[in-house]
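The following exercises are to be worked with the sequence and the model at hand. Each task is followed by a solution in steps.

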Amino acid sequence: MKNLLYLLLLTVFFSYGNTLHGQSWFEKYTKQKTLYEGDDEELVRNISNKKFREEFSENIEKIILCHYAIDMNNKYCEKDKYYREIIGLAKKDLEKKGYIVEVVWYNKDKSQFRNSETISKSSFSDFGKVAVVEIAVCCDYSNVLRSETNDKTVGTVKDASGKTVVEYTTPSRYSYYEYYYDTYTYMWVWVYHQYASVMSNNETNRSKSYYKLSACLKPLLKDIPKRR
């Protein structure tokens, strides 16, 4: 009986220890590289990797969603600035795919993940079921000076009825500014207790109207699979 109890405690200890150190379904994906060729033995922790994406969809139940804006001039994350369209679109898409979603707000020390309701109520054994989706968006505009030439009428010859029979023109050059709105969206996805650096994707969009947030985010969200 004592031996049985000892073995049981030992099993629990190692199980707890392995989970504590992040030993879970995603640990076999060990290649720390952002690019790979094909879906073969290059086991990369990236949702662009078909194998990893399949296991992600089978194991992940909850997603902690964080979004913030980046100031293009000062190159820092603005704690209180975000785009409602990003939050709304991402949350709706992830919930439609079957995930439970918790939205947290950005802190400089990234404590939003440690202090999230999902994490605080989870045990170590649950961390393999929790993923983080972090979306950063930068918006900037630029202008390009354009020059064009058209023909300017400088004189005409008319007949007795007043109808123009000859028109004299000369090239006329003019300049104008053309404005572009640039949106840069970066998305990191990782299993909680796992490094995020190998799981980042980005998308850019240039528009002549306004910032096209959804045009950048939708292609990235497509990489996150539906839950199985």
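**Exercise 1: The nonpolar surface patch**

Task: State where L145 lies, and identify the patch to which L145 belongs.

Solution. Step 1: L145 lies in strand β4; helices (H or I, at least four residues) and strands (E, at least two) are DSSP runs, numbered from the N terminus. The model is a predicted one, in which local features need pLDDT of at least 70 and side-chain atom pairs count only at pLDDT 80 or more, while totals for chains, interfaces and linings use all residues. Residues are numbered from 1 along each chain as its sequence is written, and side-chain values use heavy atoms, with hydrogens and water left out.

Step 1: Together with Y141, Y177 and Y179, L145 makes a nonpolar surface patch of about 470 Å². Patches are made of residues with over 30% relative accessible area and no salt bridge, like charges being joined within 9 Å and nonpolar side chains (Val, Leu, Ile, Met, Phe, Trp, Tyr) within 5 Å. Accessible areas come from the Shrake-Rupley method with a 1.4 Å probe, and for residues only the protein chains shown count as cover.

Step 2: Strands β4 and β5 each supply at least two residues of the patch.

**Exercise 2: The chain as a whole**

Task: Give the number of helices and strands in the chain, and their pattern along the sequence.

Solution. Step 1: The chain has six helices and six strands. Step 2: Read along the sequence, they follow the pattern α-α-β-β-α-β-α-α-β-β-β-α.

Step 1: Of the 228 residues in the chain, 35% are buried; buried means under 20% relative accessible area, exposed over 50%, and partly exposed in between (1.4 Å probe, protein chains only). The chain exposes about 14,400 Å², 50% of which is supplied by carbon and sulfur atoms.

Step 2: Among contacts (heavy atoms within 4.5 Å) between residues at least 6 apart in sequence, 66% join residues at least 24 apart.

**Exercise 3: The nonpolar cores**

Task: Determine which members of the largest nonpolar core touch the most other members.

Solution. Step 1: A nonpolar core is a set of buried Ala, Val, Leu, Ile, Met, Phe, Trp, Tyr and Cys residues joined through side-chain atoms within 4.5 Å. Step 2: The largest such core has 30 residues, of which F52, F56, I60, V133, I135, M187 and I224 touch the most other members.

Step 1: At least two residues of this core come from each of α2 (50–59), β1 (62–71), α3 (84–96), β4 (130–158), β5 (164–191) and α6 (213–221). Strand β4 gives the most, with five residues. Step 4: A second, separate core has 13 residues, including Y68, Y106, I119 and V130.

**Exercise 4: The surroundings of K97**

Task: Is K97 buried or exposed, and what does the side chain of K97 reach?

Solution. Step 1: K97 lies in the loop between α3 and β3 (100–104). K97 counts as buried because its relative accessible area is 13%.

Step 1: The side chain of K97 reaches the backbone oxygen of L221 at 2.5 Å. Leaving aside neighbours within four places in sequence, K97 is in contact with L221, K222, I224, P225, K226 and R227.

Step 2: K97 also meets D93 in a salt bridge (3.1 Å, N to O); the term denotes a side-chain nitrogen of Lys or Arg within 4 Å of a carboxyl oxygen of Asp or Glu. D93 is partly exposed, at 22% relative accessibility.

**Exercise 5: Further salt bridges**

Solution. Step 1: The structure holds six salt bridges. Step 2: One of them joins the side chains of E178 and K208 (3.6 Å, N to O). This pair links distant parts of the chain, with E178 in strand β5 and K208 in the loop between β6 (200–207) and α6, 30 residues apart.

Step 1: K121 forms a salt bridge with E117, the closest N and O atoms being 3.2 Å apart.

**Exercise 6: A residue of helix α2**

Task: Which residues does S57 touch, not counting those up to four places away in sequence?

Solution. Step 1: S57 lies in helix α2 and is buried, at 2% relative accessibility. Step 2: S57 touches Y99, P225, K226, R227 and R228, residues up to four places away in sequence not being counted. Step 3: S57 and Y99 are 42 residues apart in sequence and 9.4 Å apart in space, C-alpha to C-alpha.

How values were computed: Polar contact = N/O pair within 3.5 Å; in protein donor to acceptor, adjacent residues only side chain to side chain.
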